[in-house]
Amino acid sequence: MTTDNVDPVAEGECVREPDPSDSLRTFGAVVQALREHAGLSRAEFAELVQFSKHTVESVELGRRMPDESFVERAEEVLGNTGALRKAAKFLTRGEAGLAAWFRRWAKLEKVAVSLCTYECRLVPGMLQSEGYARAVFDNSIPLLSDDQMEAQVAARLERQKVLYERAHVPFTFIMEEHVLRRRLGGTEVMRGLLAHVLKLSALRNVTLQIMPVDTEFHGCLDGPVWLLETPKGQRFAYSEGQQNGRLISDVKEVSLLCQRYDTLRSQALNPTESRGLLERLQGEL
């Protein structure tokens, strides 16, 4: 999961958010509506509040957290109704380290009664070691800053806690053998990764299967997919691509993806065979 670069804070500017939160977008929409009601262009409003036109635009689009001076000056210019001061108290930043398009799924993960994951690009995030996660984010384009890197790694490791904290919930993973053979980050990183995956896959609520490279059949060639079920019996799916992700709730589409996942489970190595392959790969390093 990548985030936009954070702009340096200039005097009289607001802090750009890695990923806008719903509250920031709502606040921005209110500012824009009040500005337009007052008959002011962005340039005119920017001059009156003593911020750049670019900053005003970023606040209105939910891309920046407005500081106190912005809120106070905007209130004075837009009629002193108190609406912006009150709304500003409820502003929250986007969750650090998680892309905006992923957050809804991340919230569902925390309450799911089952979770199934198929990955063909990387080792699934919930099974990544810290070293492997750092190698993943170190390959981000554009490069991440040190702060962004730490936020990303911390968020990824935080997600893994659910495997231990929700020991009654079944977590099923299928991954391609080739992602384990790619020495991302180097030999030592891969040694640590394989040991970490072996440790997690030994948990009673975790099932890991590996899709071998020499298989002649494959039920999920369209890419990675994640599936979950909520306490109310609702089923959701999630798919992710380049700089985007999609939460899927359509019953027919989710059902189709479940069928593909079930087919893949029958084609992959069973859990015992999969652990054996992990141990062999570990011995090869």
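Contact here means heavy atoms within 4.5 Å. This is a predicted model, in which local features need pLDDT of at least 70, side-chain atom pairs count only at pLDDT 80 or more, and totals for chains, interfaces and linings use all residues. Residues are numbered from 1 along each chain as its sequence is written, and side-chain values use heavy atoms, with hydrogens and water left out.

**Exercise 1. The chain as a whole**

Describe the secondary structure, contacts and burial of the protein chain.

Step 1. Start with the elements: the chain has 12 helices and 8 strands. These are DSSP runs, numbered from the N terminus (helices: H or I, at least four residues; strands: E, at least two).

Step 2. Turn to the contacts with a separation of 6 or more: 73% of them involve residues 24 or more positions apart.

Step 3. Now for burial: 45% of the 285 residues count as buried (under 20% relative accessible area; exposed is over 50%, partly exposed in between; 1.4 Å probe, protein chains only).

Step 4. Finish with the surface, which comes to about 14,800 Å² of accessible area, 51% of it belonging to carbon and sulfur atoms. Such areas come from the Shrake-Rupley method with a 1.4 Å probe.

**Exercise 2. Helix α7 and its surroundings**

Find which residues of α7 are buried and what they pack against, then work out how α7 crosses α8.

Step 1. In α7 (residues 130-138), the buried residues are Tyr132, Ala133, Ala135, Val136 and Phe137. They pack against α8 (146-165), α9 (177-181) and α10.

Step 2. The axes of α7 and α8 come within 10 Å and cross at roughly 135 degrees. Axes are lines fitted to C-alpha atoms, for helices over the stretch in contact, and angles run from 0 to 180 degrees between N-to-C directions.

Step 3. The two helices, α7 and α8, are therefore oblique to each other (under 35 degrees is roughly parallel, over 145 roughly antiparallel, 65 to 115 roughly perpendicular, the rest oblique).

Step 4. The crossing of α7 and α8 is right-handed; the near helix is then turned clockwise from the far one by less than a right angle, and anticlockwise if left-handed.

Step 5. On the α7 side, the contact includes Glu130, Arg134 and Asp138, and on the α8 side Met149, Val153 and Leu157 are among the residues. By class, the contact of α7 with α8 divides into 6 nonpolar, 1 polar and 5 charged residues (nonpolar: Ala, Val, Leu, Ile, Met, Phe, Trp, Tyr, Cys and Pro; charged: Asp, Glu, Lys and Arg; polar: the others, Gly among them).

Step 6. Look at the loop between α7 and α8, where Pro142 is found. A cis peptide bond joins Ile141 and Pro142, with omega about 0 degrees.

**Exercise 3. Helices α10 and α12**

Work out how α10 and α12 are oriented and which residues make their contact.

Step 1. The axes of α10 (residues 187-201) and α12 (residues 271-284) come within 10 Å and cross at roughly 160 degrees. The pair α10 and α12 is therefore roughly antiparallel, and its crossing is left-handed.

Step 2. From α10 the contact takes Arg191, Leu194, Ala195, Val197, Leu198 and Ser201, and from α12 it takes Arg275, Leu278, Glu279, Leu281 and Gln282. These comprise 6 nonpolar, 2 polar and 3 charged residues.

**Exercise 4. Positive phi**

Locate Gln50 and Asn80, and state whether each is exposed, partly exposed or buried.

Step 1. Gln50 is in the loop between α2 (42-49) and α3 (53-60). Its phi is near 65 degrees, and Gln50 counts as exposed at 57% relative accessibility.

Step 2. Asn80 is in the loop between α4 (68-77) and α5 (83-88). Phi of Asn80 is about 50 degrees, and Asn80 is partly exposed at 45%.
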